[in-house]
Amino acid sequence: MFRSKKLKKFKDINHFFFSKKGGFSKGIYKSLNCGKGSKDSKTNVLKNLKYISNKIGLKNKDLVLMNQTHSNKVVEIKNKNLKKKISSDALITKIYGVALGVVTADCVPILLYDRKNKIIGCIHAGWKGAFTGIIKNTIKKMKQINSNNEIYASIGPCIGKNSYEVDRKFYKKFIFKSKKNKIYFRKKNQNKRLFDLRKFVADSLIKLKVKIDHVNYDTFRDSNNFFSYRRSIILKQSDYGRCISVITLI
């Protein structure tokens, strides 16, 4: 488990970026796989999620997850949709005693807290979501609740800038949107570039006046602690596990 130096100073929230250790899954999912969408044993995934709920001091039914689709959709959790299946890539809430969770395997997990208004949030920021505005949409939705705010964000473990190899088509997509996006790429060879997803996400938050910090680990390189979609592809594995990051108001 890893924690944000900034967020852990606030006594009215609890949060964790969990590693892949401490769970019940076997094989390529060993051991704390929290991906309901994986091909892992459903029994083991549910046991892992129960373990997570216990660690954060809540019952399993109070852990809210999303059906993540690499979109820019944000949903506010209220009492009326608390038990419904949610398809989105960000969640926010003002409800106490509920944990919001995001699962990742190279994409960026972001945990949010508006100190003034007691609003928490989590974001699943892969390149698609980050590119199409998931971060901007989430902060906008938080500010719609109250524009007088003080928002903090912790950017969790994700694929590192030296591990994220992309092709020219990917690069051109970002440059076409803005030539300023060149700063997030470094040339590897004639056809490949390295993309700094963490910096792209961080700068998106900073532009929105969010105070940030990092729990800075490269999920691709740190195979002892994290699952990685890209690593699983290179190893020709049939599937991959997902790590979870959670935040709750207490």
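How many aromatic pairs does a search of the whole structure find? The search finds 23 of them, in a model that is predicted.

**View 1. The ring pair of Phe2 and Tyr217.** The ring centres of Phe2 and Tyr217 lie 4.5 Å apart, and the planes stand at 45°, so this pair counts as tilted. Phe2 belongs to the segment before strand S1 (13–17), while Tyr217 sits in the loop between strand S12 (211–214) and helix H6 (229–234), so the pair ties together parts 215 residues apart in sequence. Phe2 counts as buried because its relative accessibility is 15%, under the cut-off of 20%. Tyr217 has a relative accessible area of 32% and is partly exposed.

**View 2. A cluster of aromatic rings.** Ring pairs join Trp127, Phe131, Tyr164, Phe170, Tyr171, Phe174, Tyr184, Phe185, Phe195 and Phe200 into a cluster. One of these residues, Tyr171, has Arg193 over its face, 3.9 Å from the ring centre.

**View 3. Arg242 over Tyr240.** Arg242 lies over the face of the Tyr240 ring, at 4.0 Å from the ring centre.

**View 4. Strand S4 and its two partners.** Strand S4 covers residues 90–93. Strand S3 (residues 74–77) runs parallel to S4 and is joined to it by four bridges; Glu76 has Ile92 as its bridge partner in S4. Strand S7 (residues 119–125) pairs with S4 in the antiparallel sense, also over four bridges, and Leu91 has Cys122 as its bridge partner in S7.

**View 5. Side chains of strand S4.** In a regular strand, side chains alternate between the two faces of the sheet. In S4, Ala90 and Ile92 point one way and Leu91 and Thr93 the other way. All four residues are buried.

Notes: Residues are numbered from 1 along each chain as its sequence is written. This is a predicted model: local features need pLDDT of at least 70, side-chain atom pairs count only at pLDDT 80 or more; totals for chains, interfaces and linings use all residues. Side-chain values use heavy atoms; hydrogens and water are left out. Rings of Phe, Tyr and Trp (its six-membered ring) pair if their centres lie within 6.5 Å; planes under 30 degrees apart count as stacked, over 60 as edge-to-face and the rest as tilted. Helices (H or I, at least four residues) and strands (E, at least two) are DSSP runs, numbered from the N terminus. Buried means under 20% relative accessible area, exposed over 50%, partly exposed in between (1.4 Å probe, protein chains only). A charge sits over a ring if NZ of Lys or CZ of Arg is within 6 Å of the ring centre and within 35 degrees of the ring normal. Two strands pair if DSSP finds at least two bridges between them.
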